[in-house]
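Here is a brief report on helix packing and salt bridges. Look at the chain first, then read on.

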Amino acid sequence: MASAIIHTIRRQLFFGGKISRDLTRLSQISNQPRDQFLQSYRFHHQSVPLLNKATIRDREDVSLLDAKQDPDVFGTLSPKVAAPEVPDEGDLQEENFLQNLPARSQKLSTKEYADLIKGHLKNHRIKEAIDVLEVRMKEDRVKPVNYLFNLLIGGCARVGYSKKAFQLYNKMKQHGLKITGGTYTSLFNACANSPFLGDGLSKANRLREIMIEKGYEPNESNFNAMIKAYGRCGDLKTAFQLVDEMMAKKLNIQTDTFNFLLQACISDKEFGFRHALLVWHKMYRLKALPDIYSFNLLLRCVRDCGLGDLEATEQVIEQILYQSQLKPPQLEGSSLLENGADESSNDLQLASINQEIQQEGVPNLLSRQPHLGSLISLGEIKKPEDRLLLLGGATSFLCEMEQLKIQPDIKTMTALLDTVPPTTSAEKQILSTIRKLGIRCDIDFFNILIKKRSMRFDYDAAREVLTMIRTARLEPDIVTYGVLALGCRTQDEARALLKEMRDAEIRINIQILGAMLRQGTATQNFRYVADVLEIVKQERFKPNEMFLKHLDNFNKKCEKMNKVYDRNSRKAGRDEFKLEYNRYKLKLEYWMDHMGLKGLSLDDAVGVVRQHPWEQFKESQAEGYEATKNPKLRHQKKKQHSIRKINVEELKDDDVNDDNDGSRSAEIRRIE
């Protein structure tokens with residue numbers, strides 16, 4: 001036994017010494033040239049035949065076939081391939097991705113990434129919010145979840161960035177994440193807020209088809225977003241059909257749904273007011289009470305939309321009057337698309353209805369029991385104040401809100417101010433109502449008041465509003481000076497306003513200069529127009545579309561007058577016009593050349609200066625943005641103060657008030 005153990009130890013020592021001697025020899029021959037190393041290696045092991053030294057020495061001349069068949073030659077497929085001088089960018093990115101692994105402390109939780117995205121969205125930093133998902137999380141090697149996608153899609157939807165919203169939706173599907181009802185709602189909101197109505201409508205149609213293909217049953221929020229998208233994109237028929245579909249599926253139709261329908265009515269400038277009347281009374285029939293937003297939207301319809309075809313409008317009024325006498329159960333199955341053109345309403349005669357609900361005074365189609373009073377001629381209803389008269393006027397409008405226990409806010413009174421007749425007495429009535437109800441005013445209300453007075457050329461009264469603003473302890477903003485610019489009829493008035501803005505440390509913009517240009521072209525003041533163009537060049541502003549349109553119309557008008565003076569050389573004022581016009585043409589030509597618009601038509605020039613609405617979302621926000629510098633002021637509302645110190649009775653009345661009331665009364669007549 002002992003001899004066997006001794007024999008085993010001797011064998012291990014022998015083989016250990018042999019291995020060490022072999023390693024020593026290998027280390028010695030490894031320092032030799034390549035050919036000698038290969039020869040020594042093969043001679044030592046004697047496992048493979050030796051290669052020809054000349055063949056190895058002339059390795060560059062080895063054919064591709066020999067190199068592939070030789071088991072001792074390693075490397076690329078071709079022995080003549082040289083290393084690339086410039087490394088491939090993709091290889092560098094892959095190497096960087098594999099080597100630079102993020103630290104564990106660098107990765108954040110889903111909530112922390114969501115907080116980053118929410119912070120950027122609150123400050124309107126759309127690009128930075130998107131980079132959190134597409135750049136930061138990719139560098140951190142973190143897989144996104146559908147909650148983060150929904151946050152970004154909703155943020156893009158609110159600003160109308162529909163293209164990016166749908167790109168994120170497609171990435172969401174590529175990641176295999178679940179598409180929720182909130183995702184569809186945000187995508188339809190993106191279609192509704194898109195600056196391109198045709199593109200928004202096509203995207204909404206495609207998204208609706210996808211929902212049908214997947215068998216997804218939309219909920220109330222989805223339906224409301226769909227109605228909003230189709231309504232704002234101009235497809236009112238589909239918007240009303242969606243409400244009928246909600247009724248068929250027995251979903252709860254609340255006031256919000258009707259508010260979105262009123263938004264759809266606003267998009268139809270020709271027939272919107274007629275549709276709004278139908279929606280308003282259908283709301284009452286379905287026992288959905290209007291809220292403050294409903295009244296504000298209705299005032300928008302009064303201001304912006306018309307009646308359309310008079311015969312169809314008469315049928316709508318007949319239907320409203322007829323349905324107001326019926327009990328709600330009789331109309332439960334009726335479609336919201338009814339417009340009074342059915343046989344039952346056609347059989348009704350306006351005269352027979354008027355006998356049952358005849359009331360004296362102005363009409364009122366706003367209340368639950370509408371009436372036409374003494375009836376007016378629909379052909380005379382062309383202005384916002386005429387359409388407001390159909391609803392009973394400002395007094396009846398506020399009384400209807402009081403009956404529903406809805407307190408009007410300053411937005412309601414601002415919209416009402418924009419629809420009342422353009423007279424000082426009507427404006428005094430609005431101011432008195434604000435004081436009586438104790439509503440706190442903001443600067444927007446006074447801006448509308450200045451604009452209303454400037455548009456009727458009452459510039460002195462418009463300047464008096466500045467005194468009201470100071471009395472109400474408010475400060476003018478950039479919009480205030482913009483509407484004041486509408487009253488700058490001469491160069492001296494324009495220079496005084498610019499000096500006032502400099503003293504208030506408010507920088508001028510292209511909109512204010514456009515308002516001044518409008519006044520200069522209206523009075524054919526060549527020097528005034530030339531001064532405005534010089535300011536645009538000095539301030540390095542880019543003219544907008546309206547600015548170029550005013551300038552183009554003025555140039556066409558001047559060319560026409562120049563031809564008239566050429567045909568009649570003895571016409572009074574010819575020499576003065578020629579002198580001023582030739583000076584203006586030289587300055588205009590230099591200005592157009594400086595702006596890069598020389599020789600371009602109006603459409604081409606507008607295409608040059610027009611900025612794509614989505615370009616702002618592709619650039620990082622500039623440093624020093626106000627909302628970033630002052631986060632405490634981020635959500636601060638506009639200043640609102642009481643106007644009790646304003647003595648409304650001391651405001652001057654207009655002399656045409658009595659004549660205006662007489663003309664209003666004269667308009668009340670029977671429809672033929």
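## Arg495 and its partner

Arg495 has a relative accessible area of 48%, so it counts as partly exposed. The model is a predicted one. Which side chain meets Arg495 in a salt bridge? Asp531 does, with N and O 3.0 Å apart. Arg495 lies in helix α27 (residues 491-503) and Asp531 in helix α29, so the bridge ties together parts that are 36 residues apart in sequence. Asp531 is partly exposed too, because its relative accessibility is 29%.

## A second bridge from α29

Helix α29 also supplies Arg527, and the partner Glu580 sits in helix α31 (residues 574-595). The two side chains form a salt bridge at 3.2 Å, N to O. This pair links distant parts of the chain, 53 residues apart.

The cut-off for buried is under 20%. Arg527 is partly exposed, with a relative accessible area of 47%.

## α29 against α28

Helix α29 (residues 526-538) packs beside helix α28 (residues 510-522). Their axes come within 8 Å and cross at roughly 165°. Angles over 145 degrees count as roughly antiparallel, so α28 is roughly antiparallel to α29. The crossing of the two is left-handed.

Which residues make the contact? From α28 come Ile510, Leu513, Met516, Leu517, Gln519, Gly520 and Thr521. From α29 come Tyr528, Val529, Val532, Ile535 and Val536. By class, the contact has nine nonpolar residues, three polar and no charged.

## α16 against α21

Another helix pair is α16 (residues 292-304) and α21 (residues 393-403). Their axes come within 11 Å and cross at roughly 165°. That angle makes α16 roughly antiparallel to α21. Is this crossing left-handed or right-handed? The crossing of α16 and α21 is right-handed.

Ile292, Phe295, Leu298 and Leu299 are the α16 residues in the contact. They meet Phe397, Glu400 and Met401 in α21. Six residues of this contact are nonpolar, none is polar and one is charged.

The structure holds 29 salt bridges. One of them joins Lys249 to Glu217, with the closest N and O atoms 3.1 Å apart. Where do these two residues sit? Lys249 is in the loop between α13 (236-248) and α14 (255-267). Glu217 is in the loop between α11 (197-213) and α12 (220-232). The pair links distant parts of the chain, 32 residues apart.

Lys249 counts as partly exposed, because its relative accessibility is 35%. Glu217 counts as exposed, at 55% relative accessibility; the cut-off for exposed is over 50%. Both residues belong to a network of salt bridges that links Arg208, Glu217, Glu245 and Lys249.

## Summary

Note on methods: Residues are numbered from 1 along each chain as its sequence is written. This is a predicted model: local features need pLDDT of at least 70, side-chain atom pairs count only at pLDDT 80 or more; totals for chains, interfaces and linings use all residues. Side-chain values use heavy atoms; hydrogens and water are left out. Axes are lines fitted to C-alpha atoms, for helices over the stretch in contact, and angles run from 0 to 180 degrees between N-to-C directions. Helices (H or I, at least four residues) and strands (E, at least two) are DSSP runs, numbered from the N terminus. Angles under 35 degrees count as roughly parallel, over 145 as roughly antiparallel, 65 to 115 as roughly perpendicular and the rest as oblique. A crossing is left-handed if the near helix is turned anticlockwise from the far one by less than a right angle, and right-handed if clockwise. Contact means heavy atoms within 4.5 Å. Ala, Val, Leu, Ile, Met, Phe, Trp, Tyr, Cys and Pro count as nonpolar, Asp, Glu, Lys and Arg as charged, and the others, Gly among them, as polar. A salt bridge is a side-chain nitrogen of Lys or Arg within 4 Å of a carboxyl oxygen of Asp or Glu. Buried means under 20% relative accessible area, exposed over 50%, partly exposed in between (1.4 Å probe, protein chains only).
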